[in-house]
Amino acid sequence: MVDLHRALLRVRMTEETLAGRYPEQEMRTPTHFGTGQEAVSVGVCSALGEGDMVYTHHRSHNAYIARGGSVYELAAELYGRADGCSLGRGGSVHLTARDKGFMVSSAILAETVATAVGTALAFAMDGKSNVAACFFGEGTLDEGAFYEAINFASIRKLPVVFACENNLYATESPLAVRQAEGSDLCERVRAFKITSERVDGNDVVAVYDAALRGREQARTGGGPVFLECMTYRWREHVGPMMDHDAGRSYRSKAEFDAWVARDPVQRSAARLVEQGLATGVEIEGWAAQTKAEVEASVERARHAPWPKAETLFENA
């Protein structure tokens, strides 16, 4: 649980530092921050093993960092620098850290669900006991490609863990205007004979435990697993501000405050203290150390070299 908490801190501090620097307008890529949703990525990625592969969507930073991606290379990517994880060419939504088992992120809704299933098929054909894990928002379940992919995964009993980050909104559209009254996402997926479980996505231990079970089932021939992780993003859909700071009204202040009160980082810290695994002073020390390390990496990335003009058509 200490490792999980420190991983949460690394993700949170990275997002908060990048969001704090974004208004300086030196990062010119549209950016989708995942503040508040850290426990989903940390819980799932911490349950994965070496050789497993991760895919994610446009809100990509959390999974990239949770899988072990470099803070420096992420920041350099946002600054458009040559040292970026995608050589400064992909921006916030197209990240990669293949040496860490983070294949790619993509802004195309449901695209990486299909590619994760393809990776799982390759694992199965090669006789490997690895799994593919894929993160996506609940809005992905409004896409036909999602159902084609999970149907194929179910038929072939492929080793995939589908991690749905249900933050209740697709951009600014709540579930109520996109899905029929009484819709249950887990029930939809169970119709494809896929094991499905709803999890408190703001409880990193609950997510970790569910992901461990899911990975074990998937890699041992039991077929894919779908985890609906209930969580909430704090910031606007695109950009660094809180929604109320941006003058938006599609989410009530009461709803926002209720979710912030369930902050996954604070809940994790409280559990460590309650169970005698750490003191408040130790936890504050980890936070300060992590913040300093992240800030140093971001500042170094800000001064990294630009891509050379003659490389413009490389990797095209």
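1. A word on terms to start: helices (H or I, at least four residues) and strands (E, at least two) are DSSP runs, numbered from the N terminus. Bear in mind that this is a predicted model, in which local features need pLDDT of at least 70 and side-chain atom pairs count only at pLDDT 80 or more, while totals for chains, interfaces and linings use all residues. Residues are numbered from 1 along each chain as its sequence is written, and side-chain values use heavy atoms, with hydrogens and water left out.

2. Arg81 lies in the loop between helix H4 (71–78) and strand E2 (102–105). Arg81 counts as buried because its relative accessibility is 8%; buried means under 20% relative accessible area, exposed over 50%, and partly exposed in between (1.4 Å probe, protein chains only). Contact means heavy atoms within 4.5 Å. Setting aside neighbours within four places in sequence, the contacts of Arg81 include Ala76, Leu87, Arg302, His303 and Trp306.

3. Now the sheet. Six strands form an open sheet in the order E2-E1-E3-E4-E8-E7, with parallel pairing; two strands pair if DSSP finds at least two bridges between them. E2 and strand E7 (195–200) are the edge strands, each pairing on one side only. From one strand to the next, the twist averages 15°. Within the sheet, strand E1 (residues 53–56) pairs with strand E3 (residues 132–137) in the parallel sense over three bridges, and Val54 stands opposite Ala133 in E3.

4. Helix H8 (residues 204–219) packs on this sheet, where H8 touches strand E4 (160–166), E7 and strand E8 (225–230). The direction of H8 makes about 165° with that of E7. For such values, axes are lines fitted to C-alpha atoms, for helices over the stretch in contact, and angles run from 0 to 180 degrees between N-to-C directions.

5. For helix packing, have a look at helix H10 (residues 264–274) and helix H11 (residues 280–302), which pack at an angle of about 145° with their axes 9 Å apart. H10 contributes Ala269, Leu272 and Val273 to the contact, and H11 contributes Gly280, Ile283 and Trp286.

6. Last, the cysteines: the structure holds zero disulfides, a disulfide being a pair of cysteine sulfur atoms within 2.5 Å. Cys164 is buried, at 0% relative accessible area. For Cys85, the closest cysteine sulfur is in Cys45, 15 Å away and too far for a bond; Cys85 is buried too, at 11%.
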